[in-house]
Amino acid sequence: MRPRNRLRWKVWTRTALSNRAAVLTAAAAMVAGLAWLEWLFQLDYSLGLLYLFPVILASTAVVWWQVPLVALLCAFTRGQFDLPVTELEHWLRFLMATVAYSGCGLLVNQITSSRRKALAQYLRIRFEQRLRHRAEDQLRLLAESSPAAILTIGSEGNVSAANRAAHQMLGFEGDDSLVDQPIAEYFPIFLNALHLNPEIEQVRTSATTWAKRKDHSSFPAATWFSIYGTGRRRNLAAIVVDNSEEVRERERMHYEQLASHSQVLAGAVSHEIRNLCSAIAVVGSNLDRRLKLENDLDFGALKNLIEALGRLASFDLSKRQKMQPVTISLAEIAQEFSVIVEPDWNDAGGTVAWTLPEDLPRLQADPHSLLQVLLNLSQNALKASAQSERKELRLEAEQRGDFVALTVRDAGPGVEDASHLFKAFTPSATGSGLGLYISREMVKSFDGDLRYIPTEEGCCFEITVPITMSAER
């Protein structure tokens, strides 16, 4: 059947099936028309064969068990105009006509039902095809517009498909295509993953690795990939992100923090050396006054050494360059802090709770330094609470004029002597004795302060951070 005729038949079938009353009315009109012709012309022959048409027509609009009823009606109408015969022959003709009409009607009804089911299946398939094509277009658009590289790799280790970002990431330009290229040259980790135990049907994981571009330059990459299928149908689908910028930014931040901490440490050491030099100078002056050693060459050399050592230790911590604060949200700092420290507290059986007002203004501070101070206080609190029954870290913030006060409390044993908390090289400290000293100097670098708050239970520190100028207005 030609496409145009098939379309016409489909439209006619839809119209006929959707107007059941019209079909039955037409079939009844045909029966009435045939009866009227036989009554009007008093024919010497029967029009029984023509009664098949209303039966066939009605069979397209009724269910199967109604077909014999239609056939019975048509056979009865036909029998009213039959030629004069015996009663037995009349009933035999009536029975044969009913059987013939029913058989034809049931056949047409079955054909129509099959046609209806086929049409419904065809429409459903067309609908699913449209949905599938729409989904494929959306996925294709998503893959092509994605800033992350998306790759599909076949069982032999060659690239089956790659989006535009993958070509750009690996240095393929113009007509150069990444498709059919061996993935081992660019991401060896993917080839190794494909060579895993074949009994492992599905693998979903992420990994950081080093990859190579077309020009053989290396770059760090974060990958998320999955393996599906077995044998020659074993494939790998991967999403790749170039981490070069993130690595550079992270290393730059680490360098800045290390330089800042080193500067604070050098300041602390120079401060202690200056104190020792001052004490030695006082002792030397006393000895010179008592023993008259001004003409002693060795004593003069010793005084010169002390003065030289004092000049070497003339690094003044208070004159060091301040950090450049930026406008930050304490809520964002709290989220990042919770992600870092909550697993450690949960493993120790403790909790971390934040209390932040919704209308808290934005702060003027260095976010990395503030986060480092909070992490230092958290680690100190976790170590102090190791033997405590209740392990809890509570952080609360409130605005006080032009500052926001952030208190950090724990439920540990507390501090017996707080006079040496912020002194460098405290002998009783578990480490170098510089943790709180450096933390206070870091807070002071953006015009804040860190101090100890005496409490009856546990330990409490308060960090004051200035708010932004816009918040002040």
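Biologist: What makes Tyr-186 count as buried?

Modeller: Its relative accessibility is 5%, and buried means under 20% relative accessible area, with exposed over 50% and partly exposed in between (1.4 Å probe, protein chains only). Tyr-186 therefore counts as buried. This is a predicted model, in which local features need pLDDT of at least 70 and side-chain atom pairs count only at pLDDT 80 or more, while totals for chains, interfaces and linings use all residues. Residues are numbered from 1 along each chain as its sequence is written, and side-chain values use heavy atoms, leaving out hydrogens and water.

Biologist: Why does Phe-172 count as buried?

Modeller: Phe-172 has 6% relative accessibility, so it falls under the cut-off for buried.

Biologist: What makes Phe-172 and Tyr-186 an aromatic pair, and of which kind?

Modeller: Rings of Phe, Tyr and Trp (its six-membered ring) pair if their centres lie within 6.5 Å; planes under 30 degrees apart are stacked, over 60 edge-to-face, the rest tilted. Phe-172 and Tyr-186 are 5.8 Å apart centre to centre with 65 degrees between the planes, hence edge-to-face. Both residues sit in the loop between α6 (164-169) and α7 (188-194), 14 residues apart.

Biologist: Why is the pair of Phe-187 and Phe-219 called edge-to-face?

Modeller: The ring centres of Phe-187 and Phe-219 are 6.5 Å apart and the planes stand at 90 degrees, so the pair is edge-to-face. Phe-187 lies in the loop between α6 and α7, and Phe-219 in strand β4 (residues 218-228), so parts 32 residues apart in sequence are tied together. Helices (H or I, at least four residues) and strands (E, at least two) are DSSP runs numbered from the N terminus. Phe-187, at 1% relative accessible area, is buried, and so is Phe-219, at 0% relative accessibility. Ring pairs link Phe-187, Phe-190, Phe-219 and Phe-225 into a cluster.

Biologist: What makes β7 and β11 edge strands?

Modeller: The open sheet has the order β7-β9-β10-β12-β11 and mixed pairing. β7 (351-355) and β11 (449-453) each pair on one side only. Two strands pair if DSSP finds at least two bridges between them.

Biologist: How do you know that β7 and β9 pair?

Modeller: Five bridges join β7 to β9 (residues 392-400), in the parallel sense, which meets the requirement of at least two. Val-352, for one, has Leu-393 in β9 as its bridge partner.

Biologist: How does helix α10 run relative to β7?

Modeller: Helix α10 (residues 330-347) lies across β7, β9 and β10 (403-410), at about 170 degrees to β7. Axes are lines fitted to C-alpha atoms, for helices over the stretch in contact (heavy atoms within 4.5 Å), and angles run from 0 to 180 degrees between N-to-C directions.
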